[in-house]
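Here is a quick tour of how one protein is put together, from its overall make-up down to a single residue. Have a look at the structure first.

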Amino acid sequence: VQLRRKPLQEMFVNGEVLTVITQWLQPFKDGTLPNLTIRENLLQLLLELPGIDAPRLKASGVGKAVFYLSKAPGEVAKNKKLAQELIEKWSRPLFQLSDKYNGVSWEEREEAIQQ
């Protein structure tokens with residue numbers, strides 16, 4: 001609930017919350033995914049959080065976790081779509097593009113998130 005409060009979001013992003021979110025999104029050692037509701041809520045929250053730039057994506061590992069979910073065979077379609085939206089959102093500044101999504105291929109977006 002506190003993460004959805006706009007005045008606190010920048011503070012959370014500057015802190016370690018992205019690393020914690022990464023831990024909640026990553027599959028377990030046996031390959032199973034965490035709770036579906038948790039994954040869905042965290043992906044939705046990530047869409048709402050401002051200021052998640054390339055250094056934060058890399059340091060926290062959240063970009064890789066989201067990318068994994070976008071391709072995971074056990075992930076539901078709704079969460080795959082949310083993960084793809086995040087990849088597109090985060091890749092726009094990396095390519096110095098506006099909010100118009102033409103001109104950058106899906107492969108280029110994936111590569112940028114993985115760096």
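A residue is called buried here when its relative accessible area is under 20%, exposed when over 50%, and partly exposed in between (1.4 Å probe, protein chains only). What follows is about a predicted model, in which local features need pLDDT of at least 70, side-chain atom pairs count only at pLDDT 80 or more, and totals for chains, interfaces and linings use all residues. Numbering starts from 1 along each chain as its sequence is written, and side-chain values use heavy atoms, with hydrogens and water left out.

**Overall make-up**

The protein has seven helices and zero strands, and reads α-α-α-α-α-α-α along the sequence. Helices (H or I, at least four residues) and strands (E, at least two) are DSSP runs, numbered from the N terminus. Of the 115 residues, 37% count as buried. Contact means heavy atoms within 4.5 Å; among contacts between residues at least 6 apart in sequence, 57% join residues at least 24 apart.

**The core**

A nonpolar core is a set of buried Ala, Val, Leu, Ile, Met, Phe, Trp, Tyr and Cys residues joined through side-chain atoms within 4.5 Å. The largest one here has 25 residues, and I21, L25, L46 and V66 have the most contacts inside it. Helices α2 (17-25), α3 (36-48), α5 and α6 each supply at least two residues of this core.

Take L25: beyond its neighbours within four places in sequence, it touches P34, R39, L42, L43, L46, V62, A65, V66 and L69.

Why is α5 (residues 62-71) described as largely enclosed by the rest of the structure? Because seven of its ten residues are buried, namely V62, G63, A65, V66, F67, L69 and S70.

**How the helices pack**

Axes are lines fitted to C-alpha atoms, for helices over the stretch in contact, and angles run from 0 to 180 degrees between N-to-C directions.

| Helix pair | Angle | Axis distance |
|---|---|---|
| α2 and α5 | about 25 degrees | 9 Å |
| α2 and α3 | roughly 145 degrees | within 10 Å |
| α3 and α5 | roughly 125 degrees | within 12 Å |

Angles under 35 degrees count as roughly parallel, over 145 as roughly antiparallel, 65 to 115 as roughly perpendicular and the rest as oblique. With its angle of about 25 degrees to α5, α2 is therefore roughly parallel to that helix. L18, I21, T22 and L25 of α2 meet V62, A65, V66 and L69 of α5. That contact has seven nonpolar residues, one polar and no charged. For these classes, Ala, Val, Leu, Ile, Met, Phe, Trp, Tyr, Cys and Pro count as nonpolar, Asp, Glu, Lys and Arg as charged, and the others, Gly among them, as polar.

Where α2 and α3 cross at roughly 145 degrees, the contact involves L18, I21, W24 and L25 of α2 with I38, R39, L42, L43, L45 and L46 of α3. Its residues come to nine nonpolar, no polar and one charged.

As for α3 and α5, they cross at roughly 125 degrees, which means α3 is oblique to α5. Here R39, L43 and L46 of α3 meet V62, V66 and L69 of α5, giving five nonpolar, no polar and one charged residues.

**Back to N79**

N79 sits in helix α6 (residues 77-94). Which residues does N79 contact, leaving aside its neighbours within four places in sequence? They are L36, R39, E40 and L43.
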